[in-house]
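Please look over the structure below.

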Amino acid sequence: MSLPRIAVDAMGGDEGVRVMVSGAALARRQHDQFKFLLVGDETRIKAALDAHPNMRGASEILHCEDVVGGDEKPTQALRRARTTSMGLAVNAVKAGDAGAAVSAGNTGALMAMSKLALRTMPGIDRPALAALLPSLGDHDVIMLDLGANTECDARNLVQFAIMGAAYSRIVTGQAEPRVRLLNIGTEDIKGTDQLQDAASRLRDATGLAMQFDGFIEADKINRGQCDVVVTDGFSGNIALKAIEGAARFVTDLLRNAFTSSLRSKIGFLVSRPATELLRHHLDPNNHNGAVFLGLNGVVVKSHGSANATGVANAVAVAARLLEEDLTQRIAADLGTLQAAQSTPGEAA
């Protein structure tokens, strides 16, 4: 299937051009239909492309030397949206020159630029940042919001649930993903008024392609008990950082344990297949590619420290969302919810 090309902010991320171009090249080796608009310093991009002959006929370069700083405030970055590699990548989606944009740059700036250029979909008040997290279940779990909105009301949380379920149907293939709201307990009486209200609306909604299963606590996020975890961006970002920190802690603990003595090193050799599987499962590069859901276009945020494999995964996420027409799926579910709310006798 022919896909629209993907705009890559080649200047973003910790290592910039080299890793971003290498990641795009790796993605194309896995999916030879991918085409790219590489945005950034032309000289540096051409030098990076020399190592990847498979990209020569599949890439166009949009020259730009200006870069959004990692610590730059979104309001400052917005003023330079038309001159920075990040801003030009997003604007390529707006102009129809690319179907999606991928950047490993400043998250706040990317959200601000994307929201201004692409606007939110009809029926969506705020876009949300969603990502895939490893799970003990058959599929990764999707969690949103992860930092785009620090405060959310019940209406926002319901919209996040709809968007997350649509995304989950694409990546898991399930017709009705299991959706839960992050809370301090699973009992119906627990949580803030906003959580209680959102839960009530989701329980009463009909015709949505999801199963709403109530609340979930943070220690169960990765247990495989649900497919989509919904929360506000403040709590979501804290939970995400705690999960990532725990994964690094386990990895470092095992490394220290297996190198502490000769006997431990022998034990490591015996258990290496299991530890390699664990390392692969906990490696954030294998789950890289957070998505700004709710926009009139596809924008994917790669982790700033991602390696080429991680960037390739982010590119693959963008391509899959284009192929499966994520925005249309969200729009259809929003229409179902709005129709139910306007029908007499139906609870909102």
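## Helices α6 and α10

In this predicted model, helices α6 and α10 are roughly perpendicular to each other. Their axes cross at roughly 105° and come within 11 Å. From α6, the contact uses Y167, I170 and V171. From α10, V317, R320 and L321 take part. By class, 5 of these residues are nonpolar, none is polar and 1 is charged.

## The chain as a whole

The protein chain has 348 residues, and 49% of them count as buried. There are 11 helices and 11 strands. Among contacts between residues at least 6 apart, 71% join residues at least 24 apart.

## Nonpolar cores

Nonpolar side chains tend to be buried together in soluble globular proteins. Here the largest nonpolar core has 73 residues. Those with the most contacts inside it are I6, F36, L144, Y167, L181 and V230. Helix α6, residues 154–172, gives the largest share of this core, with 11 residues.

What does L181 touch, leaving aside residues up to four places away in sequence? Its partners are L157, L195, A198, A199, L202, F212, G214, F215, I216 and V230. One of them, V230, is also listed with L181 among the residues with the most contacts inside the core.

## Helices α4 and α5

Two packed helices are described by the angle between their axes and the distance between the axes. For α4 (residues 85–95) and α5 (residues 107–118), the angle is about 30° and the axes are 9 Å apart. Angles under 35 degrees count as roughly parallel, so α4 is roughly parallel to α5. Their crossing is right-handed.

On the α4 side, the contact is made by M86, G87, V90, N91, V93 and K94. On the α5 side, A109, L110, M113, S114, A117 and L118 make it. This contact has 8 nonpolar, 3 polar and 1 charged residues.

## How α4 is enclosed

Is α4 largely enclosed or largely open? Of its 11 residues, 8 are buried, so the helix is largely enclosed by the rest of the structure. The buried residues are S85, M86, G87, L88, A89, V90, A92 and V93.

The cover over these buried residues includes helix α5 and several strands. Those strands include β1 (6–9), β2 (36–40), β3 (59–63), β4 (100–103) and β11 (298–301). After α4 comes G96, with a positive phi near 85°.

## A318 in helix α10

A318 sits in helix α10, residues 308–323. Is A318 buried or exposed? A318 is buried, because its relative accessible area is 0% and the cut-off for buried is under 20%.

Leaving aside residues up to four places away in sequence, A318 touches I6, A100, V102, V298 and V300. A318 and G99 are 219 residues apart in sequence, and their C-alpha atoms are 8.8 Å apart in space.

## Backbone exceptions

Most peptide bonds are trans, and most residues other than glycine have a negative phi. Which bond is cis here? The peptide bond joining L144 and D145 is cis, with omega about 0°. D145 is in the loop between β6 (141–144) and α6. L144 is among the residues with the most contacts inside the largest nonpolar core.

R119 is not a glycine, and its phi is positive, near 65°. R119 lies in the loop between α5 and β5 (128–133). R119 is exposed, with a relative accessible area of 52%. D325 is not a glycine either, and its phi is positive, about 55°. D325 belongs to the loop between α10 and α11 (326–342). D325 is partly exposed, at a relative accessible area of 38%.

Conventions:
Residues are numbered from 1 along each chain as its sequence is written. This is a predicted model: local features need pLDDT of at least 70, side-chain atom pairs count only at pLDDT 80 or more; totals for chains, interfaces and linings use all residues. Side-chain values use heavy atoms; hydrogens and water are left out. Axes are lines fitted to C-alpha atoms, for helices over the stretch in contact, and angles run from 0 to 180 degrees between N-to-C directions. Helices (H or I, at least four residues) and strands (E, at least two) are DSSP runs, numbered from the N terminus. Angles under 35 degrees count as roughly parallel, over 145 as roughly antiparallel, 65 to 115 as roughly perpendicular and the rest as oblique. A crossing is left-handed if the near helix is turned anticlockwise from the far one by less than a right angle, and right-handed if clockwise. Contact means heavy atoms within 4.5 Å. Ala, Val, Leu, Ile, Met, Phe, Trp, Tyr, Cys and Pro count as nonpolar, Asp, Glu, Lys and Arg as charged, and the others, Gly among them, as polar. A nonpolar core is a set of buried Ala, Val, Leu, Ile, Met, Phe, Trp, Tyr and Cys residues joined through side-chain atoms within 4.5 Å. Buried means under 20% relative accessible area, exposed over 50%, partly exposed in between (1.4 Å probe, protein chains only).
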